[in-house]
Amino acid sequence: MKTARGFFKPLAIGAPAPWRELPARVERMIHFVPPHLDKVRAKVGEIAPTVDVILANLEDAIPADAKGAALAGTIALSREVDFKALGVGLWVRINCLNSPWHLDEVATLVEKAGDRIDVIMVPKVEGPWDIFYIDQLLASLEAKHGVTRPILLHAILETAEGVMNVEQIAGASPRMQGISLGPADLAASRAMKTTRVGGGHPGYRVIEDPHADGSARASVQQDLWHYTFAKMVDACAAHGIKPFYGPFGAIDDPVACEQQFRNAFLMGCAGAWSLHPSQIAIAKQVFSPDPAEVAFAKRILEAMPDGSGVAMIDGKMQDDATWKQAKVMVDCARQIAAKDAEYAALYGF
Ligand SMILES: CC(=O)SCCNC(=O)CCNC(=O)[C@H](O)C(C)(C)COP(=O)(O)OP(=O)(O)OC[C@H]1O[C@@H](n2cnc3c(N)ncnc32)[C@H](O)[C@@H]1OP(=O)(O)O
Ligand SMILES: O=CC(=O)O
Ligand SMILES: [Mg+2]
């Protein structure tokens, strides 16, 4: 483990100094784009102003024979759209570290677009060693190509070993921006018997005891991701990075998508992935706090200006702890309002 003083030292001579605090960014939806498809790429300029992050995907869902085209498409995209001017993040999901592609991808991305890429998403992270490796590689490449702003790292939690090591992954480097749950690969890694990409499963439930009269027994679906999800959120919160829900694959079920996103929002997530344009608005609405809740939170802050003591508002007890809860809500709303005029009006900022 690095010493406290060593943790924030650049890992290569000439590399930029690591971030001490994460840049304050709104990241309600990470919108996935297949960059090898010219037709889809051509639409990114139109979609970008409606999202917080555009992610160029090089990994799963990109055919093996299109990896080169996806990398070239990512570099083109970084030049075609002025993401910085739009206030939109540009992320790239590289191929996993045991694939034949990741090394050329990272080298090319830093050389050709190092100053324009905000975050590299690393799939199938198994332990802190994966982050140490990519951290060092990035520092060397940033130094070589004169990149002045460190590229952040985002890990996908999608293997059983990764779940076991999630706390160490979250704290492995000052580059760590966040972690997403990857329910598809994680299901496969654990030999879970499901073909779904995230969300619930009707077979995972609890059932009440038999009734003497033989009548139907009530049964309720449970959340089969809750344990992993909560473990990930705690690891991220403890290390001051952001947790995200990953993909929701049932594009044809916006109601279940909204519920999954809302569960993630309530558990502390900053955002989720949008795989299809129809999921963008869902994520935006769910990951922007409800204006009525924000108004109530503002009243709590006003009732206890120095954050201490006790107060009653509409029959509910407030104290230092609820003041902190209210501050989380109002800070989140304020950050969104600074980026999004529609929400600024709704929140009254
Ligand atoms: C488990 C994991 O790893 S999840 C992450 C990996 N998966 C992905 O990244 C998938 C990304 N999404 C996609 O590739 C597509 O949305 C699909 C394959 C799921 C569905 O695509 P389609 O069947 O074409 O959807 P649909 O017909 O509804 O598309 C409507 C329009 O939106 C466009 N569109 C679809 N997805 C996207 C997207 N992610 N970004 C931008 N535009 C998109 C389509 O090109 C189409 O445009 P058109 O009307 O001009 O022809
Ligand atoms: O990459 C995401 C997943 O669910 O797998
Ligand atoms: Mg995956």
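Where is the place of Val147? Select Val147 and you land in the loop between helix H6 (128-145) and strand E5 (152-157). Helices (H or I, at least four residues) and strands (E, at least two) are DSSP runs, numbered from the N terminus.

Before going on, some ground rules. Residues are numbered from 1 along each chain as its sequence is written, and chains are lettered from A and ligands numbered from 1 in the order in which they are written. This is a predicted model, where local features need pLDDT of at least 70, side-chain atom pairs count only at pLDDT 80 or more, and totals for chains, interfaces and linings use all residues.

Stay on Val147. Is Val147 buried or exposed? Val147 counts as buried because 22 C-beta neighbours sit inside 10 Å. (Buried means 20 or more other C-beta atoms within 10 Å of a residue's own, exposed 12 or fewer, partly exposed in between, with C-beta atoms placed from the backbone.) Leaving aside residues up to four places away in sequence, show Pro16, Val110, Gly114, Asp115 and Glu142, which Val147 touches; contact means C-beta atoms, placed from the backbone, within 7 Å.

Next, ligand 2. Around ligand 2 you'll find Asp60, Pro123, Ile156, Glu158, Gly182, Pro183, Ala184, Asp185, Val197, Gly246 and Pro247, each with its C-beta atom, placed from the backbone, within 6 Å. Helix H9 (residues 183-189) gives the largest share of that shell, 3 residues. By type, the shell has 6 nonpolar, 2 polar and 3 charged residues.

Colour residues 51-265 next. An unreviewed UniProt entry annotates this stretch as "domain: HpcH/HpaI aldolase/citrate lyase". Here the chain is 42% helix and 17% strand, and the end C-alpha atoms are 17 Å apart.

Then jump to Glu293, in helix H13 (residues 291-303). Glu293 counts as partly exposed because it has 13 C-beta neighbours inside 10 Å.

Finally, zoom out. The chain has 15 helices and 12 strands, and its C-alpha atoms fill a box of roughly 70 × 55 × 45 Å along the principal axes. Buried residues make up 43% of the 349. Of the contacts between residues at least 6 apart in sequence, 70% join residues at least 24 apart.

Technical notes: Contact = placed C-beta atoms within 7 Å. Nonpolar A, V, L, I, M, F, W, Y, C, P; charged D, E, K, R; others polar. UniProt positions renumbered as here; feature names shortened; annotations may be inferred.
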